[in-house]
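Hi everyone, thanks for coming. Let me put the structure up on the screen before I start talking.

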Amino acid sequence: MKKIAVLGSTGSIGVSTLEIVNAFPERYQIVALTAGSNIDLLLQQIRLFSPRIVSVISDVDVQKLKSQLEGVDVQICSGVTGMISCATASEVDMVVAAVVGAAGLVPTMAAIKAGKDVALANKETLVTAGSLIMAEAKRQKINLLPVDSEHSAIFQSLAGQRREDVRRLILTASGGPFREYSLAQFATVTPADALAHPNWDMGRKISIDSATMMNKGLEVIEAHWLFNFPAAMIDVHVHPESIVHSLVEYQDGAVMAQLGVPDMKTPIAYALAWPERLPLSQKPLDLCGMGQLSFSEPDKVFFPCLQLAYDALASGGTVPAVMNAANEVAVEAFLTNQLSFLKISQVIEKVMYLHRSENLTTVEQALRADLWGRRKAQELISGGVV
Ligand code: MG
């Protein structure tokens, strides 16, 4: 029986994780859950999975949960310390890190330090402090398993191969809903347009990241840290059908890929069960029914966020943390109609330009850079500078 903590249980990945746990009760048990503001869903999850400990963001929600759960044996905590308590609970074997944004960094690091295996869905953790996370994972000899579909595909395509034989990694990108837009169309994009992703059913933040292609930029940085290949060996192909989830090219010209219907349950299940595979009841991939799959080069002029991420990775130090923070603020401003779609990348670029990079040696420093990036982005947006 694998005992699991899910950080971010009411988000898209968290909900899918719990569906898998529910389908395999003889293999998995939920020990801890953390959630943001969706208290009603968390209540349902607590009643269904009977975790020993849960955590929410605010103390107000703690009282709300307590009043609804009288007589239920569950410890209810709040804030970052609550998330850390969930991530490090003594009986937990694996932490599913599915919090959105840089907020996942501290509890994920705590889980690794406590020797827990981590199924990592939170790419911003690696973007913000990848060198520190990977060094600690090595030190603690834990398994860090990718949940992001592209990284799961690369992980599977690297299995049984020698890393010195790898020529390059190729991440696929759907290209988002605006793949064929003109510049004039970009100027009028609304949050509702950007939230309607053609292939994947995802949370709000990642849907916008997908529309700007910052999601792919973050994933290039994530791949760099997870698999320890330089940026020059990581390419992106636009693949609108989202069937080939990513590929690895070897020096003899062979290319290994992992394919499947676009459903996050497959990579989540692989991370939970690795090195085994779970018998999921999904509709099989029907390649003949699909007819054809297409691929093209990404357009870095229309999607400048992708290039910004490569630039941040090349700069190193605290730059990726600052870029990620500025992106989180810009996306939120776009979603609340304070910033146009085209200005998202402009805010990020300006914040990166204004930042004085430092070598990254501690988590506290990564958090300070994150905070600086947030403040600077907010300042530029509020001041109408961008
Ligand atoms: Mg992905």
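Predicted model: local features only at pLDDT ≥ 70, side-chain atom pairs only at ≥ 80, totals over all residues.

Residues are numbered from 1 along each chain as its sequence is written, and side-chain values use heavy atoms, with hydrogens and water left out.

Let's begin with helix α14, residues 304-315. Helices here are DSSP runs of H or I with at least four residues, strands are runs of E with at least two, and both are numbered from the N terminus. After α14 comes Gly316, with a positive phi near 70°.

Which residues of α14 are buried? They are Cys305, Leu306, Leu308, Ala309, Tyr310, Ala312 and Leu313, where buried means under 20% relative accessible area, exposed over 50% and partly exposed in between, using a 1.4 Å probe and protein chains only. Those buried residues pack against α10, α11, β9, α15 and α16, with contact meaning heavy atoms within 4.5 Å.

Now the rings. Rings of Phe, Tyr and Trp (its six-membered ring) pair if their centres lie within 6.5 Å; planes under 30 degrees apart are stacked, over 60 edge-to-face, and the rest tilted. That rule gives 10 aromatic pairs. One of them is Phe178 with Phe341, edge-to-face at 5.2 Å centre to centre and 85° between the planes. This pair links distant parts of the chain, 163 residues apart: Phe178 is in the loop between β8 and α8, Phe341 in the loop between α15 and α16. Phe341 also pairs with Phe334, and because their planes are at 70°, with centres 5.6 Å apart, that pair is edge-to-face too. Relative accessible area is 1% for Phe178 and 1% for Phe334, and Phe341, at 7%, counts as buried as well.

Finally, the lining of the second largest pocket. α6, β7 and α11 each supply at least two residues, and α6 gives the largest share, three residues.

Notes:
Expected span 1.5 Å × (residues − 1).
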